[in-house]
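These are my notebook entries on a single protein chain, written down in the order in which I looked things up. The sequence and the model come first, and my notes follow.

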Amino acid sequence: MAELVAYTDGACSGNPGPGGWGVLLQAKRGRAVVKERELKGGEAETTNNQMELMAAITALETLAKPSAITIITDSQYVKNGVTGWIHGWKRNGWKTSAKKPVKNAELWQRLDTAQERHNVTWEWVKGHAGHPENERADELARAGMAPFKPGKGT
């Protein structure tokens, strides 16, 4: 059985501003990639954190059936949020420990729902450090953002 790995990234030109997300989804047998799929998208007005979340959400929502998957992100916000902070937020009715509304709560809730049906392992890698798959996810995120940048439309 193949191991599923998703490399995810978000990008933003200005924060907020036009943004994009990218996913490099791979099925591997050992070190060999047996199948690969690239996903990307973007929005005209968003933040980097929202695009990082959308990349992870899309990776999980794309899977047709419950799967074991490793999601590799260069966003400590996503990694720390989904593996730690989210538990307290849910307990506190989507409020922070300071009793303030959680930023991007609707995306965190969507990510939480998306991961419920899968067995997800979350990993963090340093961004822009020459990791080929992470660099590809970054390229996809920038390509997803491109149509939304001023002067770049049709």
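I began with Glu-61, which counts as partly exposed because its relative accessibility is 39%; on this scale buried means under 20% relative accessible area, exposed over 50%, and partly exposed in between, with a 1.4 Å probe and protein chains only. Before going on I noted that this is a predicted model, in which local features need pLDDT of at least 70 and side-chain atom pairs count only at pLDDT 80 or more, while totals for chains, interfaces and linings use all residues. Residues are numbered from 1 along each chain as its sequence is written, and side-chain values use heavy atoms, with hydrogens and water left out.

**Entry: the salt bridge of Glu-61**

I then looked up the partner of Glu-61 and found a salt bridge with Arg-110, whose closest N and O atoms are 2.8 Å apart; the term stands for a side-chain nitrogen of Lys or Arg within 4 Å of a carboxyl oxygen of Asp or Glu. This pair links distant parts of the chain, since Arg-110 sits in helix α3 (residues 105–116) and Glu-61 in helix α1, 49 residues apart. Arg-110, at 35% relative accessibility, is partly exposed.

**Entry: other salt bridges**

How many salt bridges does the structure hold? I found five. Glu-38 forms one with Arg-136, with 2.8 Å between the closest N and O atoms. Glu-38 belongs to strand β3 (residues 32–46) and Arg-136 to helix α4 (residues 132–145), so this pair ties together parts that are 98 residues apart in sequence. I also noted that Glu-38, Arg-136 and Glu-139 are linked in a network of salt bridges.

Asp-112 and Lys-90 meet through their side chains in a salt bridge of 2.9 Å, N to O. Asp-112 is in helix α3 and Lys-90 in helix α2 (residues 76–91), so here the parts tied together are 22 residues apart in sequence. Asp-112 is buried, with a relative accessible area of 9%, whereas Lys-90 is partly exposed at 39%.

**Entry: two single residues**

Is Thr-8 buried or exposed? Thr-8 has 0% relative accessibility and therefore counts as buried, and its place is in strand β1 (residues 3–12). Not counting residues up to four places away in sequence, Thr-8 touches several residues, including Gly-22, Ala-55, Ile-72 and Asn-134; contact means heavy atoms within 4.5 Å.

Asn-49 lies in helix α1 (residues 48–62) and is partly exposed at 29% relative accessibility. Leaving aside neighbours within four places in sequence, I found Asn-49 in contact with Tyr-77 and Asn-104.

**Entry: the whole chain**

Last, I stepped back to the protein chain, which has four helices and five strands in the order β-β-β-α-β-α-α-β-α along the sequence; these are DSSP runs (helices H or I, at least four residues; strands E, at least two), numbered from the N terminus. The radius of gyration is 15 Å, close to the 15 Å of the globule rule for 154 residues, so the chain is as compact as a globular protein of that length; the radius is taken over C-alpha atoms, and the rule is 2.2 Å times the number of residues to the power 0.38. Buried residues make up 47% of the 154 residues. Among contacts between residues at least 6 apart in sequence, 66% join residues at least 24 apart.
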